[in-house]
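This report is for a reader who meets the structure for the first time. Please look over the sequence and the model before reading on.

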Amino acid sequence: QAPKARVIFMIIDAMRADFVYQQASRFAYINSKLSRGEVLAFTTRAQPPTVTLPRLKSMIAGSIPGFLDVAANLNAPEMREDNV
């Protein structure tokens, strides 16, 4: 049985593309994959104000976020601890 193809979506929010793609970047693993043509990179530009959760949901689902998604994201409480 042939191995199954795997797809990994890596979304980095609020990171400048030039930090990743420049020659002196500390992202050596990503740059090595890019130079060998093993991965595809896409850069998007958001216009402020941004609302992260609805954008991620629309990228993954391919649909336009609803009003409640946007409203809930703008009225989110402050996080005091790291969420990683």
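The model is predicted. Its protein chain holds four helices and zero strands, and from the N terminus on the elements run α-α-α-α. The chain has 84 residues, of which 8% count as buried.

**The largest pocket**

The space in the largest pocket comes to about 1500 Å³. Its lining is made up of 34 residues, and Met-10, Ile-11, Ile-12, Tyr-21 and Phe-42 are the ones that lie nearest the centre of the pocket. Three helices, α1, α2 and α3, each supply at least two residues of this lining. The most comes from α3, which gives six residues. The table sorts the lining of the largest pocket by residue class.

| Class of lining residue | Number |
|---|---|
| nonpolar | 23 residues |
| polar | five residues |

**The surface patch**

Which residues form a nonpolar patch on the surface? They are Val-7, Phe-9, Ile-11, Met-59 and Ile-60, and their accessible area together is about 620 Å². Ile-11 belongs to this patch and is also one of the residues nearest the centre of the largest pocket.

Ile-60 is part of helix α3, which spans residues 52-61. Is Ile-60 buried or exposed? Its relative accessibility is 68%. Exposed means over 50% relative accessible area, so Ile-60 counts as exposed.

Terms used
Residues are numbered from 1 along each chain as its sequence is written. This is a predicted model: local features need pLDDT of at least 70, side-chain atom pairs count only at pLDDT 80 or more; totals for chains, interfaces and linings use all residues. Side-chain values use heavy atoms; hydrogens and water are left out. On a 1 Å grid over the protein atoms alone, a cavity is a set of points where a 1.4 Å probe fits but cannot get out, and a pocket is an open set with protein on both sides within 12 Å along at least five of seven lines; lining residues have an atom within 4 Å of a point. Grid points are joined across faces, edges and corners, and a volume is the space filled by probe spheres set on the points. Ala, Val, Leu, Ile, Met, Phe, Trp, Tyr, Cys and Pro count as nonpolar, Asp, Glu, Lys and Arg as charged, and the others, Gly among them, as polar. Patches are made of residues with over 30% relative accessible area and no salt bridge: like charges are joined within 9 Å, nonpolar side chains (Val, Leu, Ile, Met, Phe, Trp, Tyr) within 5 Å. Accessible areas come from the Shrake-Rupley method with a 1.4 Å probe; for residues, only the protein chains shown count as cover. A salt bridge is a side-chain nitrogen of Lys or Arg within 4 Å of a carboxyl oxygen of Asp or Glu. Buried means under 20% relative accessible area, exposed over 50%, partly exposed in between (1.4 Å probe, protein chains only).
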